[in-house]
Amino acid sequence: MQPVLLYTTPICGYCAAAKRLLTAKGVSFSEVNVMAQPARRSEMMQKANGRHTVPQIFIGETHVGGYDDLNALERAGKLDALLAA
């Protein structure tokens, strides 16, 4: 399974939704709280092509985007393949 990395903040509802979706699928993930570690926000923005909102989700080397993008992959039946790649 590909490693999954989420950049989040604790006050973000979409971050919580992304974590719930991944947890429900049994996917383990690493999380970077950019509110607690503000220096990591610039790292996130560089990896996410300038996007500054959270969550920013990465599966392996693939930048998925935010929760809506993750959920769209799940609804289209493409998330499992990306996780397994």
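In the predicted model, the largest nonpolar core comprises 15 residues, of which Val4, Ile59 and Leu70 have the most contacts inside it; such a core is a set of buried Ala, Val, Leu, Ile, Met, Phe, Trp, Tyr and Cys residues joined through side-chain atoms within 4.5 Å, where buried means under 20% relative accessible area (1.4 Å probe, protein chains only). Two or more residues are given to this core by each of strand 1, helix 1, strand 3 (56-59), helix 3 and helix 4 (79-84), the elements being DSSP runs numbered from the N terminus, with at least four residues for helices (H or I) and at least two for strands (E). Helix 1 gives the most, with four residues. Apart from this core lies another, of ten residues, among them Leu5, Tyr7, Val34 and Met44.

Residues are numbered from 1 along each chain as its sequence is written. Because the model is predicted, local features need pLDDT of at least 70 and side-chain atom pairs count only at pLDDT 80 or more, whereas totals for chains, interfaces and linings use all residues, and side-chain values use heavy atoms, with hydrogens and water left out.

Leucine 6, in strand 1 (residues 4-8), counts as buried because its relative accessibility is 0%. Not counting residues up to four places away in sequence, leucine 6 touches, with contact meaning heavy atoms within 4.5 Å, Ala18, Lys19, Leu22, Phe29, Ser30, Glu31, Val32, Gln56 and Ile57. With neighbours within four places in sequence likewise left aside, the contacts of valine 4 are Leu22, Val27, Ser28, Phe29, Ser30, Phe58, Ile59 and Leu83.

Definitions and conventions. Buried < 20%, exposed > 50% of the residue type's maximum accessible area, 1.4 Å probe, protein only.
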